[in-house]
Amino acid sequence: MKIVIAGGHGKIALRLTRQLARRGDSVVGIVRNPRHVDDIRKAGGD
């Protein structure tokens, strides 16, 4: 399943991204600050 998370760099959003990615979901985190993209990718999202 593809899931989009608004505010993808928040503490809960990053935790949720890791859990969803582990179970095989495709996760996209929406952020305003491009510096946060690497943290989302490390958690398993795009």
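## Charge, fold and core of a predicted chain

The chain carries 10 positive and 4 negative side chains, and the centres of the two sets lie 6 Å apart. The model is predicted.

**Overall layout.** The chain has 46 residues, and 28% of them count as buried. It contains 2 helices and 2 strands. Read from the N terminus, the elements run β-α-β-α. Along the principal axes, the C-alpha atoms fill a box of roughly 25 × 15 × 15 Å. The accessible surface comes to about 3,400 Å². Carbon and sulfur atoms own 52% of that surface. Among contacts with a separation of 6 or more, 43% join residues 24 or more positions apart.

**The core.** Which residues make up the largest nonpolar core? Ile3, Ile5, Ala13, Leu20 and Val27 do. Strand 1 (2-6) and helix 1 (11-22) each give two or more residues to this core. In soluble globular proteins, nonpolar side chains tend to be buried together.

Neighbours within four places in sequence aside, Ile5 is in contact with Ala13, Leu16, Thr17, Val27, Val28, Gly29 and Ile30. Two of these partners, Ala13 and Val27, are also core residues.

Ser26 belongs to strand 2, which spans residues 26-30. What does Ser26 touch beyond its neighbours within four places in sequence? Its contacts there are Met1, Lys2 and Ile3. Ile3 is itself part of the largest nonpolar core. Is Ser26 buried, partly exposed or exposed? Its relative accessible area is 34%, so Ser26 is partly exposed: the class lies between the 20% and 50% cut-offs.

**Helix 2.** Val37 sits in helix 2, residues 37-43.

| Pair | Sequence separation | C-alpha to C-alpha distance |
|---|---|---|
| Ser26 and Lys2 | 24 residues | 4.6 Å |
| Val37 and Val27 | 10 residues | 12 Å |

**Annotated region.** An unreviewed UniProt entry carries the annotation "domain: NAD(P)-binding" over residues 7-43. Over residues 7-43 the chain is 51% helix and 14% strand. The end C-alpha atoms of that stretch are 14 Å apart. Helix 2, with Val37, covers residues 37-43.

Notes:
Residues numbered from 1 in each chain as written. Predicted model: local features only at pLDDT ≥ 70, side-chain atom pairs only at ≥ 80, totals over all residues. Heavy atoms only, no water. Helix = DSSP H or I, 4+ residues; strand = E, 2+ residues; numbered from the N terminus. Buried < 20%, exposed > 50% of the residue type's maximum accessible area, 1.4 Å probe, protein only. Contact = heavy atoms within 4.5 Å. Areas by Shrake-Rupley, 256 points an atom, 1.4 Å probe, with all protein chains shown as cover. Lys, Arg positive; Asp, Glu negative; His and termini not counted. Charge placed at Lys NZ, Arg CZ, Asp CG, Glu CD. Core = buried A, V, L, I, M, F, W, Y, C linked by side-chain atoms within 4.5 Å. UniProt positions renumbered as here; feature names shortened; annotations may be inferred.
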